[in-house]
Amino acid sequence: MKVVHSWLKEYVGEKLPDARTVEDLLNFHAFEIEGVEQVEGETVIDVDVLPNRSSDCFSHRGIARELATILDTPLDKDPLADSPQLDATDEISVSIEDVAACPRFTASLITGIQVKESPDWLQKKLKAIGQRPINNIVDATNYVMYAIGQPVHAYDADLFPKVDGKWQFVVRYATAGETVSLLAEGGKDEDRVVELNGTELLIVDGSSNTPISLAGVKGGRYAGVHAESKNIIIEAAHFHPTITRKTARRLGIVIDASKRFENEPSRELPVYGQAEIIALIEDIAGGRCAGVLDEYLEKTTNPKVEVTLQKTNSLLGLQLSIDEVAHIIKRTGCSVEVAPDAGTLTAQGPFERTDLNIEEDFIEEVGRLYGFDKITSVVPTVTKSATINAKQYYTEKIRHCLLGLGFSEVVTTSFHKKGKIQLQNSLASDKSYVRANLSKNLHQVLDMNFSHTDMLGLRDVRVFEIGTVFSKSDTAITEHLSLALGVRTKGNGFTAPDERIVVAACDTLEELLSASLAWEKEKGVAELNLSHVIEHAPAPTEYDAVPSKSPMRYQAVSQYPAISRDIALWVSEGVSAKAVEKVLNAPTGDLRLRTDLFDEFTKEGKTSYAFRLVFQAADRTLTDEEVAKIMENVYQAARANAWEVR
Amino acid sequence: MQIPDGHQHPLTHMIAEINDIFAKIGFEFAEGPEAELEQYNFDRVNVPKEHPSRDMQDTFWFKAKDVAEPTVLRTHTSPVQARVLEQNQPPIKIIAPGKVFRNEATDATHEAQFYQFEGLYVDEGVSLGHLKGTLEYFFSEFFSGKIEVRFRPGFFPFVEPGIEVDMKLLEGDSKLAGKWIEVMGAGMVHPNLLTAAGIDSKKYSGFAFGMGIDRLGVMKYGVEDVRDFYTGDLRFVNQF
């Protein structure tokens with residue numbers, strides 16, 4: 001929700017601090033601030049209103065009230081302070097099919113208006129929060145919504161007739177197949193005709209049974225305000241949050257109005273919306289309000305909730321007195337009565353705070369307004385965990401055994417492009433199915449990594465994964481933990497030596513677990529139902545120690561290919577491989593990725609070493625010439641030490 | 001030539017470290033299914049149907065023809081809370097690490113699958129002070145150094161009050177040292193969760209928290225693209 005600093009100031013008054021301070025106050029006591037920017041010469045603060053406060057804080061007045069509460073000061077001007085006194089009209093009637101769907105409907109008749117551009121102050125405010133000014137009537141409806149959070153909608157009263165001296169509004173569900181022509185959306189010229197399925201709530205012109213708007217979502221073309229409109233009817237109502245939400249989502253029209261209804265603002269709010277818009281339209285469009293219809297069929301009041309001092313302090317970890325708690329809750333505009341024993345108080349939220357329903361809601365108010373920074377940490381006591389989780393115990397044991405055999409661990413995607421268990425609604429085609437095994441991914445991992453063995457300093461690729469795989473029973477998706485391990489010793493796919501290493505690793509695991517395991521082996525990859533193994537293993541009594549790792553920073557992998565060069569040389573017996581490597585590395589510069597010793601033997605007082613040097617650039621593909629130049633330096637370094645390059 | 005030791009994946013290593021740190025203060029390792037019933041993933045953690053709070057998470061659904069009860073790939077580890085609460089009586093002290101799923105576009109900071117861990121402590125007199133102390137203990141152990149933790153107001157349907165937790169590394173050469181970083185959502189267990197599990201919410205209270213393990217890896221190791229965790233590329237894994 002974007003709010004304009006100067007607009008907030010109209011409500012809070014001179015006590016409102018600068019935007020920087022407002023940002024801090026909201027961040028630590030109410031809502032996170034997404035950003036602050038200058039628009040149209042105004043300071044605009046983007047407030048990330050929390051979902052439980054979307055009912056009252058999707059408005060400048062709501063944010064202003066929040067700031068006044070934090071600052072412990074009354075609002076200078078509060079559009080919700082006094083219940084509006086509105087004259088009734090007998091020129092409008094409404095018939096509501098389902099009270100639950102529309103518990104309150106108000107409509108005001110304003111005659112003799114002139115549609116024109118809005119005054120500068122109004123255009124500026126709307127532009128500052130990213131809204132395009134349209135004309136004074138539409139702008140006024142938007143202004144009221146952003147000011148106090150009540151969506152309001154204007155109809156041209158001359159576009160549908162009175163019957164028996166009354167405009168006949170009907171609020172009813174759509175019939176399946178019924179269509180409504182909606183006003184063009186922002187930035188589009190064309191109206192949108194939507195077909196309805198019967199779950200949507202409509203505002204209908206009773207004289208002709210024609211839909212004039214999709215309740216709470218979007219106005220219709222039929223009675224829309226236009227440049228020549230003279231007499232208008234303004235609707236301010238309360239629509240059921242779920243019905244509004246479903247309609248808006250299904251038709252893809254999630255706009256500021258529907259978003260507000262979805263979050264169930266107070267049922268008291270519509271008349272405040274009327275008071276605001278009538279005054280504004282009379283001011284900027286001329287005309288006069290002939291009266292307001294207020295059909296309030298089902299009233300709700302916020303509950304009176306008992307808040308105990310003991311629970312408040314015990315949840316927050318504070319030692320507040322009942323007076324402190326009472327004072328903080330009062331600051332929010334709640335009415336508070338402290339019980340004679342001073343152990344509890346009864347609190348009731350002001351009408352717009354439909355979120356304050358249980359004791360914990362009020363305790364949250366106390367905590368955030370008093371300040372979470374004042375909470376003292378309770379240092380946890382050291383006690384051994386009572387039970388050892390078998391899955392964690394055995395998976396770690398297996399991991400460390402496999403690491404010791406040269407296997408590295410991978411974690412791969414749980415999704416497949418093709419498979420047996422398809423998801424209902426995956427956004428991405430490569431995530432349409434869930435995996436039924438780990439082997440499929442592991443084969444790909446082996447293929448992919450084999451071309452990197454030089455870069456990794458490895459002779460072969462050995463990997464394993466422990467992860468969840470899915471299957472289907474008649475009535476449910478079932479899952480189990482799986483273990484797969486795989487080996488690739490040659491670049492051109494599976495060969496017999498792969499199988500030998502896999503079998504040896506499987507045997508070692510069987511020894512480790514003292515069990516004969518049901519492996520499924522295929523082309524150098526073996527997989528096992530690990531859940532089954534763990535279920536039948538003895539219950540562990542203590543976790544193995546977690547080996548500590550030295551601190552490291554990850555280096556992003558270059559996307560460019562690496563080039564490898566081998567060098568073999570004779571040195572005098574006794575010269576260590578390390579010493580030779582150091583000399584060879586010295587002139588290579590920062591394009592060298594790594595050096596690995598891959599062969600070594602001693603004969604007749606001389607030792608032969610063979611090293612593989614791997615080169616790679618972070619920003620380009622290296623050329624053979626570049627690497628040849630570096631290798632020339634390496635050869636020179638070797639010769640300078642009187643080593644014989646073979 | 002001797003075969004060098006393999007490398008453990010940073011995610012499972014971090015889970016082992018997290019478990020080790022929490023086991024020392026009596027937290028047990030708990031689990032739940034990745035294919036989770038809608039009931040547990042949402043309703044039982046106080047996220048009712050058709051409620052705007054469900055918008056916070058984009059969900060993968062299994063096909064209705066495959067399941068008797070609506071089933072999702074769990075969007076968070078919080079359903080483990082509901083499962084543990086209904087099977088145990090306080091005191092309850094658990095962590096629940098595991099893979100979770102979001103049906104959304106991926107980029108360097110978002111994966112459709114990632115790891116989270118949940119913490120839950122329910123007993124008589126558990127307060128936000130316990131939460132703060134526990135988190136300070138955890139982060140200082142996990143990052144092996146001095147840290148600070150601060151709370152801001154937050155909203156998560158399964159807690160009330162709800163808290164956003166920021167953390168600052170006070171030492172070290174990490175790019176993130178000295179800066180406040182939003183690390184997790186937390187709060188006091190919503191009484192609806194306790195009541196639904198048959199636990200007296202007048203007598204018992206609890207804290208809960210949940211955070212991304214991938215995100216911990218980003219902070220601890222400087223991984224810049226969270227998708228790297230899931231590529232199976234040993235040029236990534238073997239650096240750890």
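Visitor: Where is Gly130(A) found?
Guide: The model is a predicted one. In chain A, helix 4 covers residues 120-128 and helix 5 covers residues 136-148. Gly130(A) belongs to the loop between helix 4 and helix 5 of chain A.

Visitor: Does Gly130(A) count as buried or exposed?
Guide: A residue is buried with 20 or more other C-beta atoms within 10 Å of its own, and exposed with 12 or fewer. Gly130(A) has 10 C-beta neighbours inside 10 Å, and therefore it counts as exposed.

Visitor: How many Å apart in space are Gly130(A) and Glu625(A), C-alpha to C-alpha?
Guide: Along the sequence, Gly130(A) and Glu625(A) are 495 residues apart. In space, the C-alpha to C-alpha distance between Gly130(A) and Glu625(A) is 57 Å.

Visitor: Within strand 26 of chain A, which residue is the bridge partner of Gly486(A)?
Guide: Strand 24 (residues 477-488) and strand 26 (residues 525-529) of chain A run antiparallel and are joined by five bridges. The bridge partner of Gly486(A) in strand 26 of chain A is Val525(A).

Visitor: How many residues are in the largest nonpolar core?
Guide: The residues with the most contacts inside this core are Leu8(A), Ile232(A), Ile281(A), Val165(B) and Phe207(B). Leaving aside neighbours within four places in sequence, Ile232(A) is in contact with residues including Ile110(A), Tyr155(A) and Val225(A). The number of residues in the largest nonpolar core is 247.

Visitor: What is the radius of gyration of chain B?
Guide: Chain B has seven helices and nine strands. The globule rule gives 18 Å for 240 residues, and chain B is close to that, so it is as compact as a globular protein of that length. The radius of gyration of chain B is 18 Å.

Visitor: How many residues of chain A are in contact with chain B?
Guide: On the side of chain B that touches chain A there are 36 nonpolar, 24 polar and 20 charged residues. These 80 residues of chain B are in contact with residues of chain A numbering 92.

Key:
Residues are numbered from 1 along each chain as its sequence is written. Chains are lettered from A and ligands numbered from 1 in the order in which they are written. This is a predicted model: local features need pLDDT of at least 70, side-chain atom pairs count only at pLDDT 80 or more; totals for chains, interfaces and linings use all residues. Helices (H or I, at least four residues) and strands (E, at least two) are DSSP runs, numbered from the N terminus. The radius of gyration is taken over C-alpha atoms; the globule rule is 2.2 Å times the number of residues to the power 0.38. Two residues are in contact if their C-beta atoms, placed from the backbone, lie within 7 Å. Ala, Val, Leu, Ile, Met, Phe, Trp, Tyr, Cys and Pro count as nonpolar, Asp, Glu, Lys and Arg as charged, and the others, Gly among them, as polar. Two strands pair if DSSP finds at least two bridges between them. A nonpolar core is a set of buried Ala, Val, Leu, Ile, Met, Phe, Trp, Tyr and Cys residues joined through C-beta atoms within 7 Å.
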